[in-house]
Structure formats: C-alpha cells, structure tokens
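Please read it alongside the sequence and the model.

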Amino acid sequence: MSEPIVLQPDETFILNVGPQHPATHGVLRVKMTMDGEFIYDAETVIGYIHRMHEKMAENRTYAQYLPNLSRLDYLSAMAYCHGYVLAVEKAAAIEVPQRAEYIRAITVEMNRISSHLVWFGAFVMDLGGFSPLMYAFDDREQILDLLEAITGSRLTYCYFRFGGLYNDIDDDFIEGTRRFIKRMRKSLKMYHKLVTTNIILMTRLKDIGPVSADMCQRYGATGPVARGSGINYDVRRNEPYSVYPEFDFDIPVYSEGDSFARYKVRMEEMEQSLRIIEQGLDKLPDGPVNPEKKPKTIKLPPGDYYTAVEAGRGSFGIRIVSDGDKSPYRLKLRSPTYSNMHLFDEACRGMLIADALAFMGSLDLVIPEMDR
Amino acid sequence: MFRYFTDIFSGLWSLFVGMGITFHEFFKPKITVHYPHESIKMTARYRGHIELIPGEDGQPLCVVCGMCEKACPSNCISISGEKPEGSKKKVLTSYKLNFTTCSLCGSCVDSCNFGAVRFSREYNLASTRKEDYHYDLLKRLEESIQ
Amino acid sequence: MSLTLLNVVAAVIIAIAFVAANAAYLVWAERKGAGFIQRRPGPTENGPWGLLQPPVDGIKLMTKQLLIPGGVDKIIFVIAPVLAMFPSIVSFVTIPFSDTIVAHNVNIGLLMIFVFGSMSAMALLMGGWSSRNKYSMISSVRAVSQAVAYEIPMLITAITVVMIAGSLDLMDIVHKQSGGFWHWNIWPFQKGLFNILMPVSFLIFFVCSLAETNRAPFDLGEAESELVAGFHTEYSSMGFGLFFMGEYANIVIGACLTTILFLGGWDCPFGLLPGVWWFIVKIYILIFTFIWIRWTFPRTTIYNLLNLSWKVLIPISLFNLLLTAGLLKVF
Amino acid sequence: MIIETVKDKLRDLFPASAEPAAAEPEAEKPQTAKAEPGLSDCDYAKRGYHLDVRVSPDQLLTAVGVLFDHGFFIEAITGVDWIKDGQLEATYDFCRYDFDLCRVVVRTRTPRANPILPTITGIYSGASWHERETHDFFGIVFEGHPHLIPLLLPEDADFHPLLKDFKA
C-alpha cells in the first residue's frame with residue numbers, strides 16, 4: 001500500500017462511475033471526485049431500480065406478498081423468504097413441522113452457497129480474472145438444478161409458505177445434494193489454489209479498503225463485511241432462529257478489516273454452509289412439511305414485530321406493523337447491502353480507483369436489494 | 001534480502017500453480033449445453049404459465065369459485081362463468097391470463113381446491129407484441145384437446 | 001534501386017497481410033482458448049469450429065459508423081488508431097522468419113523494433129488524450145507510465161543478449177544460437193560461459209513483453225472493469241478495429257522477438273531441418289502462453305506493476321547485465 | 001445484563017414515568033394507543049425486540065446517544081403513518097454485535113402537518129441514508145441533516161408514497 005497522499009481539493013475532476021459501468025453490477029452510480037487516479041470524495045447515488053416493495057405490501061395480503069421477497073435479492077432469495085415467513089409465523093403463532101424447518105435451513109444454505117459463488121466469480125472478474133467466474137457458475141448451476149427440481153424455478157423460488165413449504169423434497173434431491181457437497185469441497189480446494197493463493201490477487205486485496213469495527217457500528221454493517229472487521233456477529237448464532245441451534249458450525253471471523261478478510265470470510269462461509277447442509281440431511285426427520293390445518297387467511301394481531309435472519313449479505317430484518325387487517329399496515333425491509341454500501345463513501349476516500357472498485361466488489365452488492 | 005527472494009519465488013510459484021489448474025481445465029470436457037441444437041431435460045415441477053386441467057369429458061375441472069383470481073398478487077387472472085339451465089354447477093365461460101404481469105409464484109395453483117389449474121411446460125415464449133401474452137386458457141384447452 | 005523499392009513495397013504488403021491475418025485469427029484463437037479454459041466450446045456457429053468468425057466480425061466492424069464524438073481533438077483522434085497499427089507493420093519488415101524469409105534485414109534490426117515498439121505507447125496516449133473522456137484519459141496516462149517502466153528492463157535484457165551475440169542484427173543473433181536447443185540463450189551454458197541467470201532473463205523479457213503489449217495481467221490501459229474500455233472507449237467501427245488489431249500484432253511481434261532472442265529463432269531444437277516452420281511453431285506456443293496467462297490471472301494495479309518493475313525486474317536484469325559482462329570478459 | 005444497564009440509563013429521560021413502565025400490560029390493543037413517552041419491556045419471543053423506548057423528539061438525541069455509548073449499531077430507521085392520530089412515527093431499530101442480545105426500538109412522534117425531527121447523523125453516520133429514505137417516503141424533515149435530498153425516489157419527487165393518503 002502506498003503512503004497516504006495529501007490530496008488537493010482544487011485540482012479535482014468528477015468521474016461518474018455508473019449507472020452503467022461494468023464494476024457496479026447493476027444500476028448504481030458513484031459520483032467520484034478524483035485527484036488523478038486517487039479518490040478525493042465519493043457520493044453514492046442509488047435508487048435507479050427502486051420499486052417500492054414496501055408500499056406493495058400495504059396493498060396485498062400476507063400470502064400475496066410472498067413472491068415479492070424473491071425479487072429483493074435475486075441471488076439468495078430463499079433467505080429473504082425465510083425471514084418473511086418466520087416473521088409472520090412468529091406473529092400469527094403458526095406451528096411449523098420440524099421437517100419443513102430442516103428443509104428450509106438446507107435450501108437456505110444451498111442458496112447462500114450459490115449466492116457466494118456468484119459473488120466469488122464476479123469479484124474475481126472485477127479484479128480482471130475471467131475463468132473463475134465460469135468455474136463458479138458451473139458449480140452454482142448444480143445448486144440451481146437441484147433447487148429447480150424441488151421448487152420449479154431457478155432464481156425466484158417462492159418455495160416457503162406460512163407454516164410449511166410449497167412441496168416436499170424427494171430422494172433425488174437428497175442424493176444429488178450429497179453428490180454436490182463432495183463436488184463442492186473439491187472445487188473449493190481448486191479455488192483456493194487458483195485464486196486465494198495467487199500473488200496478484202493477494203497484493204490487490206491485502207490492506208485495501210480497511211473497514212474498522214467502529215465504522216461498522218456507525219453504519220450498521222452486518223454479514224461478511226462486519227465479520228471481516230473482527231466483529232463476531234451472525235444472526236444465526238447471536239439470535240438463533242429456525243433449527244440453526246441444532247447444527248454445529250463455525251462463524252469465520254477475521255480482524256484485518258481489509259478486502260482480503262472479507263474474501264476469506266465468504267470462502268469459509270461456503271465450507272460452513274456445506275457442513276450445515278450435510279448435518280441437515282443427516283438429521284432430516286420424517287413427517288409432513290405442512291401443518292395439519294393450513295391457515296387460509298392470515299391476520300396478525302395488532303402490534304409491531306421485528307424479525308432478523310442472516311441472509312447472504314448480512315442481517316436482513318423485517319418489521320411488520322399490523323393493525324389487525326389481512327394486509328400489513330406497514331412493512332419495513334431492512335436490507336443488509338443498504339447499510340454495507342453506505343460505508344463505501346467514507347471508506348474509499350484516498351484510494352486508487354482500481355482499489356475502490358475492488359473494495360466495492362468485496363462488499364458484495366446486489367442493487368435490487370438495496371433499492372427495494 | 002532473503003525475504004525479498006522468497007517472496008519473489010513464492011509469488012512466482014503461485015502463478016505457476018494457477019496456470020497448471022487452467023491448463024488442466026483446458027482438456028476437460030465441455031459442460032455447456034448448445035441451446036438451440038440441444039436442450040436439457042425439463043424438471044417435473046417446472047413452472048410455466050398456468051393451464052387448465054381437463055376432466056375426463058374434456059371439459060375443464062374449474063368450478064368458477066374465483067379463488068385463484070383472489071389469490072393472485074398481481075391480478076392477472078380474470079375468470080367468468082355462468083350457470084346453464086338445469087345445471088347445479090357453474091360452467092367456465094372464459095379464463096383469461098394476463099401473462100405480462102404474472103410472476104409465476106404459483107399462488108393460484110396453491111389456492112385451487114379443485115385441482116383445476118397446473119403449471120404448463122411452455123418455456124420458449126417470444127413475441128414482439130404485448131397482446132400475445134394475454135392468454136385465453138379455455139381456448140387453449142379446447143385447442144389442445146382437438 | 002527500383003528493384004529495392006519493389007522489394008520494400010512487396011515486403012510491406014506481405015507484412016500487412018500477415019499482420020491482418022494473424023490479428024484476425026488470433027482473436028479467434030483467443031476466444032477458442034478462453035472457451036476451452038472455461039470449459040465451453042468458444043465460437044462454433046460460423047463455419048467449422050467457428051473459423052469464419054473473424055471475417056464476419058471484420059465485416060461487421062467495417063460496416064459500422066465511425067463515430068467521432070463532439071469536442072474531441074479530431075486530428076489526433078483519427079491519427080491514433082493508425083499509429084497503433086503502423087509501427088507493428090513496420091516492425092515486421094525486419095523480423096527474419098528464416099535464413100531466407102526476411103523482408104528487409106537491417107543490421108540494427110533489434111533497435112528498430114524497439115523504436116517502433118515504443119511508438120505504440122504514443123498511440124495509446126494520443127487516443128486516450130484526444131477522446132475527451134475521463135476514463136480514456138486515466139487509461140492513457142497509465143499506459144505511458146507502464147510503457148516507461150517496462151521498456152527499461154526489456155531493453156536491459158535485450159542488451160544482455162546482444163552482448164552475448166555481439167550484434168544487433170537479428171539474423172546474427174539467431175545464427176549464434178544454432179545447433180540444438182542447448183545452444184539457445186535461454187539456457188545458462190552457451191559459448192563457454194556459464195550464466196545461471198539466463199532463464200530468469202527469459203522470464204523477465206517475457207513478462208515485459210506482456211506488459212509492453214498491454215496484455216492481462218498488465219492490461220491496465222484497457223481494464224474493462226475499472227475504466228470501461230480505457231483508451232478506446234470512444235472509438236467505434238474500424239477505429240476500434242485498428243486498436244484491436246494493433247494489440248494482436250504487438251503480441252505477434254513480442255512472441256517473434258522472444259523467439260529470436262531466447263529460443264533460437266528458426267533453429268530446430270535437435271539441430272535438424274532448421275526452417276520457418278520451427279519459428280512458426282515457437283511463436284504460436286508463446287502466443288498460446290499469452291492467451292493462457294490472460295485467462296488465468298486477475299489484473300494488477302498500477303502501483304503493483306511499478307513495484308514489480310522497479311523493485312524486481314530492473315535490479316535483477318541490471319545484475320544480470322553486469323554478470324554477463326563480467327563473464328564475457330573472463331572467458 | 002446490557003438490558004438492565006441501558007434501561008437504567010434511559011429511565012433518566014422519563015422522570016415522570018420512571019416508576020414501573022415495565023408493568024404496563026403487554027399491549028394487545030392497537031399501536032396507536034401507546035403514544036405517550038415511556039419505556040417498556042417487550043416479549044422478545046413474540047415481538048422480536050426487548051425494549052421499546054418512546055421518546056419525544058427533543059429527547060431523541062439523548063436516547064440514541066446512550067445506545068451508541070453502549071455499543072449498539074443501527075439497523076434501520078423507518079416511519080409509520082398514523083393517519084388517524086394525525087401523527088407520523090419514526091422508528092429507530094438498534095441491535096448489538098455481541099452475544100448479549102438486546103434489540104431496542106426507539107420511537108418518536110411528530111405532527112403530520114409539520115413533521116420535523118432532529119437528525120442523528122451526528123451520532124450514527126449510517127443514519128444518513130436511512131433518514132433520507134424516511135424523508136422520501138414520509139416527508140419527515142430531519143433538521144440538521146447534511147444532505148437531505150431524495151435518495152430512492154427521483155431527484156424531483158415531491159410526493160411521499162408511504163403516506164396513507166398517497167394516491168398513485
């Protein structure tokens with residue numbers, strides 16, 4: 001890393017990165033004030049694909065809102081649906097069969113791996129390496145095939161229902177998942193040899209984009225961004241929900257706070273997710289996946305309810321304010337990327353543009369989720 | 001000084017390891033499917049747009065209860081039926097699906113208590129006009145039976 | 001006199017044809033290679049194995065409108081792509097493919113190639129500067145600092161070889177290495193001197209030619225994930241096409257030069273049947289390595305690149321120069 | 001326990017209702033009734049948070065400052081339009097990074113006709129976007145916010161879509 005450079009505010013020019021730029025992965029715009037190749041100041045402009053999901057919730061019944069959740073973060077749609085069904089089940093006191101909870105955990109973890117694989121590929125592509133993207137997509141394709149076989153779609157699953165699931169899993173899925181776990185472990189080793197230990201990648205990521213724990217607190221960063229800064233925070237552990245207390249898994253935490261720490265956190269999370277899936281398949285109980293009596297119309301008792309789950313990118317929270325009607329009075333979606341991206345403005349000051357874009361990649365952005 | 005050379009050497013070695021992996025991948029079989037020339041098997045639970053299920057007499061099983069219409073989050077289903085003289089059941093006269101706003105969530109299939117709708121297996125839909133996606137599912141059913 | 005003029009004209013025409021054909025089919029090879037490395041088939045639709053893809057691409061590029069954005073420095077903007085292509089064609093005139101196949105051998109051939117090689121950095125600077133685009137401007141500045149940093153170790157390494165051969169004439173350099181692969185400059189023992197740094201020299205030269213041609217992992221000028229398309233962001237149609245062909249022509253020159261300086265030119269590895277085919281085989285192996293590297297590694301940043309050049313490549317190549325000079329004096 | 005510490009600190013804000021706010025029956029009545037300032041424990045298993053702090057706008061900064069000092073991070077800021085009361089409520093969610101789980105909700109209300117609240121960007125820098133978003137959706141003006149321009153809505157948006165009387 002170069003010495004800190006004193007930037008001259010009067011010799012700057014403004015560089016508009018985005019809304020259409022290869023590194024922004026969607027329509028995100030960063031207005032950078034540049035001094036040569038160094039960033040003097042940056043202002044992130046979001047909202048280009050804002051769809052007002054929160055207003056939609058007010059006009060729909062609880063069940064009708066289910067498909068919307070997959071459209072927030074299209075890469076780990078399962079976790080978002082999970083958060084929503086958990087929130088409603090908690091408030092309406094709906095019992096969920098154990099088998100359904102296990103299948104939920106398994107599919108959510110598979111989706112987390114697929115989401116991290118896209119991040120891995122796209123991140124290395126941000127850094128200029130192309131082939132890892134293709135290898136990662138090859139592995140992700142296996143997950144999508146498995147999930148497609150049980151849910152019927154490849155990206156916007158809409159698989160969870162209040163109190164249960166859309167339908168049960170079959171033996172093919174279990175067998176296929178076990179095969180996938182073996183394959184994925186092999187691929188992860190390959191990724192480590194090809195990418196993690198690569199000297200070019202290491203020099204590009206080490207000491208780049210430091211995010212301190214204090215900054216995380218001020219901005220409310222969660223997920224791998226916080227865990228890369230030495231904060232041991234994972235909603236699955238800190239605030240156990242669903243059947244996660246019954247699994248034995250580690251939360252990878254690195255204290256460096258640089259892009260490489262975030263990279264390592266996500267790579268290890270994939271391994272931990274594999275462990276969870278394996279245990280889930282071993283422990284999978286028999287029984288129905290839907291409650292005896294499926295609730296027809298759902299009405300929550302008046303009051304407000306908060307539920308958080310660990311999505312692919314951090315803590316995803318749902319606040320439902322109910323007035324006893326069959327649609328929510330107010331529904332707030334707390335998306336993790338929104339908070340994670342917010343610290344970019346402060347953190348990227350004084351960086352080279354190439355480093356800043358690598359840093360942006362390490363935050364793992366999904367723009368539709370940020371804009372909602 | 002020693003560190004300087006070990007750094008260079010280990011860096012160089014990591015590069016050669018990476019090249020070894022890509023060289024290995026070079027000779028592995030291809031994994032892509034050449035879409036128009038070949039296609040993959042469709043899964044049993046594939047979600048296409050919905051279609052009506054015919055009964056044994058070839059008529060739709062639908063009893064025009066309107067549950068799917070109500071369940072749809074984006075109001076893309078509109079159905080109507082009438083009660084013919086001397087019959088107890090309502091008979092479906094039209095089942096319109098506006099596929100432009102459908103998000104394939106399956107709420108309609110879930111909500112149907114009579115098992116009258118299911119997902120079709122249509123996947124290669126392409127058109128330049130919006131109107132082509134306003135389906136008349138009843139007509140589609142009649143055509144498929146003929 | 002007229003005969004010589006005719007010679008030169010014919011040579012230039014052949015060189016242009018060779019460069020164009022190479023550039024076109026290297027794009028194909030690049031895409032095929034990338035595809036194979038990434039486990040997909042690459043272009044397949046046009047002709048057998050997609051072999052008709054390059055002409056089709058060429059037609060597409062030529063039929064597109066040549067857009068000149070408002071506010072650009074028109075003259076420089078138009079000259080830049082030509083300047084990217086021109087030096088590589090001229091360089092080919094002096095490159096000997098075999099004992100007999102050389103357009104016009106000059107006794108300072110190596111120097112001439114380096115002179116024209118430096119001009120390609122000029123083209124990038126002019127293209128980026130005149131485009132009136134901030135990305136292009138950053139890219140052009142990067143390209144120049146990169147060219148400056150990498151020409152030094154490249155030249156020093158070349159001088160080492162020139163000292164061993166005792167000539168700037170490319171023909172002579174190849175002749176000195178004839179008679180089996182153990183005589184090539186890449187190996188530590190040849191002509192009675194024992195210089196263990198020669199393989200390192202070869203690596204340095206190869207890395208420098210990667211950087212010199214703006215190839216990954218040193219494609220900072222283009223850096224599509226940072227600078228959109230770098231210096232040719234604003235170019236369309238054949239303006240872009242010329243930059244593109246210039247890049248591939250430079251790759252061929254880099255491979256030719258590496259082959260001549262270190263791999264014995266058209267010399268057979270076993271001392272049998274020397275000829276142009278060996279030369280072709282060698283340069284295409286090197287070009288494959290270029291492609292292979294591009295699809296394996298991520299891109300470096302500008303300061304890592306300068307660190308590598310000034311802290312690693314230049315000291316080692318300088319040391320090698322001294323060592324070789326000393327050894328030549330002693331033996 | 002962090003809950004006790006925070007509660008003790010926050011109780012200073014409410015001299016009048018310092019006596020057992022916790023004793024307040026866990027409301028099944030509509031939210032609108034719980035408008036008066038106070039502090040109450042919540043059933044975590046049902047509500048999803050432990051502590052419900054209702055402050056008046058001028059106490060907001062003190063309450064948030066207490067939470068910042070105790071290592072809370074900001075989850076989200078949002079609003080609720082209580083159109084029947086003629087009030088807008090701003091809701092601040094806080095949580096902690098360590099295993100001493102404690103979720104705190106700070107609410108404050110402001111009249112619907114002229115919604116003005118102090119900004120907390122001085123304490124939590126990350127509140128900036130959340131406040132801008134709340135400004136977009138509800139029209140609440142955060143006084144002292146450095147850059148209160150539309151974030152998610154278009155730059156020239158003059159409507160506030162999450163107000164209950166908003167018609168598209």
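In helix α1 (residues 2-11) of chain D, the buried residues are D:Val6, D:Lys7 and D:Leu10; a residue is buried with 20 or more other C-beta atoms within 10 Å of its own, exposed with 12 or fewer, and partly exposed in between, the C-beta atoms being placed from the backbone. They lie on the same side of α1(D) because they cover an arc of only 100° around the axis, the arc being that of the directions from the helix axis to the C-beta atoms. The model is predicted: local features need pLDDT of at least 70 and side-chain atom pairs pLDDT 80 or more, whereas totals for chains, interfaces and linings use all residues. Residues are numbered from 1 along each chain as its sequence is written, and chains are lettered from A and ligands numbered from 1 in the order in which they are written.

**Surroundings of the helix**
- D:Glu4 and D:Asp8 are exposed on the other side of α1(D).
- The cover over the buried residues of α1(D) includes β1 (38-41), β2 (51-55), α3 (60-69) and β5 (104-111) of chain D.
- Helices (H or I, at least four residues) and strands (E, at least two) are DSSP runs numbered from the N terminus.

**D:Leu88**
- Strand β4 (residues 87-96) of chain D contains D:Leu88.
- D:Leu88 counts as buried because it has 25 C-beta neighbours inside 10 Å.

**Chain contacts**
- Chains A and D share the most contacts of the four pairs of chains in contact; two residues are in contact if their C-beta atoms, placed from the backbone, lie within 7 Å.
- Chains B and D do not touch, and their nearest C-alpha atoms are 16 Å apart.
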